Structures are given as C-alpha cells and as structure tokens.
Amino acid sequence: MSKCQPRLKIVNRLHVLRAERRLTQEQLAKEIGVTRATIVAIEGGGYNPSLELAFRLARYFKTEIKAIFSIEEEER
Amino acid sequence: MKKLDSILLKAFLYGLPIVIMLGIFSYFYGLGIFNQATGKVKFLYNFVGLIFALWMLLSIYLCVRLMVSGSLRNKVLAKLTFIRERDEREVMLTGKATKTTFLTSLAILIFLFCLSCFQVSIYRLPPAKAVDGKTGIVSLGFGFNLLESSKQANANKTLKERDIFTYTGLPVSSTAVILLLIIWQIISYNCSMQRLVKNEHKVT
C-alpha cells in the first residue's frame, strides 16, 4: 500500500440498530450465528467483519450495508 | 473408521490413568515384588503387562492416525490445544496466533540446531606434544551427526585430553527437547491468542 494513502477507518452503527430493536449482544449473536465476543469486537471497532457477515447483518436488520458500515478517513 | 477411531481414543484415554498408576507403583516398589510373587499376584502382573502392551500398541496406532487423518487431528489436537473456531473472527485470530506460534517455534528450532552443532573444546596438551611451545588449545567446530551414537563417539575422543572445558552440543536429551517443544507450542498459541483478544479490546 502506498504511504501517501489516507488510512480508512470503518465505523459502524451496529449498537444503534441493536438498541432500536432492544436486542442484547447475545441475542443478536445467536440470530446471526456468531459468538457474543464477535459482536462486542465489531461494535467496539476491534474487528471488521467479512463481506458475508456484513451482508448477514444487513439482511437481519432489513437494511443496506451502507446503513450499518461507513468509512471515515483518518490522518496518519 | 471414524467410529473405530473414536472408540480406540476413548480406550486410550481411559487406560491413561491406569498406566500412570502402574508407573507410580513400579517407581516406588520396583520389579522385585513381582519377581518373588506367585499365584494370583504373578497372574495379575502378567495380565497388567499384557494390558500395558496393548495400550502402547494403541497409542502408536493413534499417533499414526493423528498424522494421517485430518478429521481426527482436528478433533483431538484442537481440544488439546484449546483451539476454538466458532465463527469467522475466531478463525482469523486462530490463524494469527498459529502464525506467531509457527514462527517462534521455527526460531527456537534454528537456535537449538545451532546450539547442537557448535562444538567448543578448551584443553591442555601434554608438554611433549606442545605446539610452538604452547600447550593450551582452543578448538572450535561445527558438527552435524545424523545418528546419536556417532556424536557420543566424538565426545569420548575429546575427553582423552586434559579437558578444561568441553561443549559438544546440547546437554539435553532429544526426548526432553521434543517434549519442551510440544509444551511450548501449546503455551505459545494460547498466549498469542490471549494477546490478540486483549488488543481487540484495547481498540474499544
């Protein structure tokens, strides 16, 4: 990767969507088929999910991936 | 085959405490007690010997199966090393931890190889054999022996001189090195995994 490229940070609204539906992390994890630790890691920004998992989340919340995940440019 | 492996694995695991108990018993009481024994005790001794022989045979079979069968390896060794791959995140973390373990193990193996190859010997020659009037000799070498016996022959050869210091490879047995490497692999993997999970939480 080129050095002058800005670093892209993936942010998500998963905790917001989850709170809107009054779901616990455990419940969402069960519905999506992952562990609670994975939901914790995604919400905290520690783990970026695969495209497949992102689509599964979008399908579960009946929305688009863009409504859950977005990109912010970070200064190096 | 899978069912047979499962049954044999259970037999191996159930036999393990018995073998350990036998080992402890023979360590404390020795074989003398059985040599003098007669009747039922002698029969029991022979029976236990047969069981032990079967258990050893079983363990060799399972070791070979572990090398050949991928499913058995995943089932047994994954449990033994506490590998958990319940979702994609855990698969990714396992991959990273395994890479760390592989590279550190490789580094250790290279280090051990160097230690086992280097040979240093400091000795004093008899005055009649002095070289340029000097009797103190420092000998450095790099030896690679395919067989264990040839290594020992070289070690004995150097001992004929008046030795001050001799280093002819690792002082630890190959069995101990293998056991240490097995333990290292398990510990290293789990430590790497813990560190990766901690790093994940640091971001939050």
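Contact here means heavy atoms within 4.5 Å. With that in hand, welcome to a short tour of this predicted model.

From H2(A), the residues A:Leu28, A:Glu31 and A:Ile32 take part, and they meet A:Leu53, A:Arg56, A:Leu57 and A:Tyr60 of H4(A). Sorted by class, this H2(A)–H4(A) contact holds 5 nonpolar residues, no polar ones and 2 charged ones. H2 of chain A covers residues 25-32 and H4 of chain A covers residues 51-60; their axes come within 10 Å and cross at roughly 110 degrees. Because of that angle, H2(A) counts as roughly perpendicular to H4(A). The crossing in which H2(A) passes H4(A) is right-handed.

**View 1. Helix H2 of chain A also packs on helix H3 of chain A.**
H3 of chain A spans residues 36-44, and its axis lies 8 Å from that of H2(A), at an angle of about 110 degrees. That angle makes H2(A) roughly perpendicular to H3(A). On the H2(A) side look for A:Gln25, A:Glu26, A:Leu28 and A:Ala29; on the H3(A) side their partners are A:Arg36, A:Ile39, A:Val40 and A:Glu43. The contact of H2(A) with H3(A) comprises 4 nonpolar, 1 polar and 3 charged residues.

Follow the chain along its sequence and the order reads β-α-α-α-α-α-β. The C-alpha trace of chain A extends over about 40 × 25 × 20 Å along its principal axes.

**View 2. In chain B, helices H1 and H3 pack against each other.**
H1 of chain B runs over residues 2-29 and H3 of chain B over residues 40-68, with axes 9 Å apart and an angle of about 130 degrees. That angle makes H1(B) oblique to H3(B), and the crossing of the two is left-handed. Among the H1(B) residues in the contact are B:Leu4, B:Leu8, B:Phe12, B:Gly15 and B:Val19, while H3(B) contributes residues including B:Phe52, B:Trp55, B:Tyr61 and B:Arg65. By class, the residues of the H1(B)–H3(B) contact split into 14 nonpolar, 2 polar and 2 charged.

**View 3. Chain A and chain B come into contact.**
Chain A supplies 14 residues to this contact and chain B supplies 10 residues. Together the two chains bury about 900 Å², and 59% of that area is on carbon and sulfur atoms. If you are looking for salt bridges between chain A and chain B, the count is 0.

Key:
Residues are numbered from 1 along each chain as its sequence is written. Chains are lettered from A and ligands numbered from 1 in the order in which they are written. This is a predicted model: local features need pLDDT of at least 70, side-chain atom pairs count only at pLDDT 80 or more; totals for chains, interfaces and linings use all residues. Side-chain values use heavy atoms; hydrogens and water are left out. Axes are lines fitted to C-alpha atoms, for helices over the stretch in contact, and angles run from 0 to 180 degrees between N-to-C directions. Helices (H or I, at least four residues) and strands (E, at least two) are DSSP runs, numbered from the N terminus. Angles under 35 degrees count as roughly parallel, over 145 as roughly antiparallel, 65 to 115 as roughly perpendicular and the rest as oblique. A crossing is left-handed if the near helix is turned anticlockwise from the far one by less than a right angle, and right-handed if clockwise. Ala, Val, Leu, Ile, Met, Phe, Trp, Tyr, Cys and Pro count as nonpolar, Asp, Glu, Lys and Arg as charged, and the others, Gly among them, as polar. Buried area is the accessible area (1.4 Å probe) that two parts lose on being put together, summed over both. A salt bridge is a side-chain nitrogen of Lys or Arg within 4 Å of a carboxyl oxygen of Asp or Glu.
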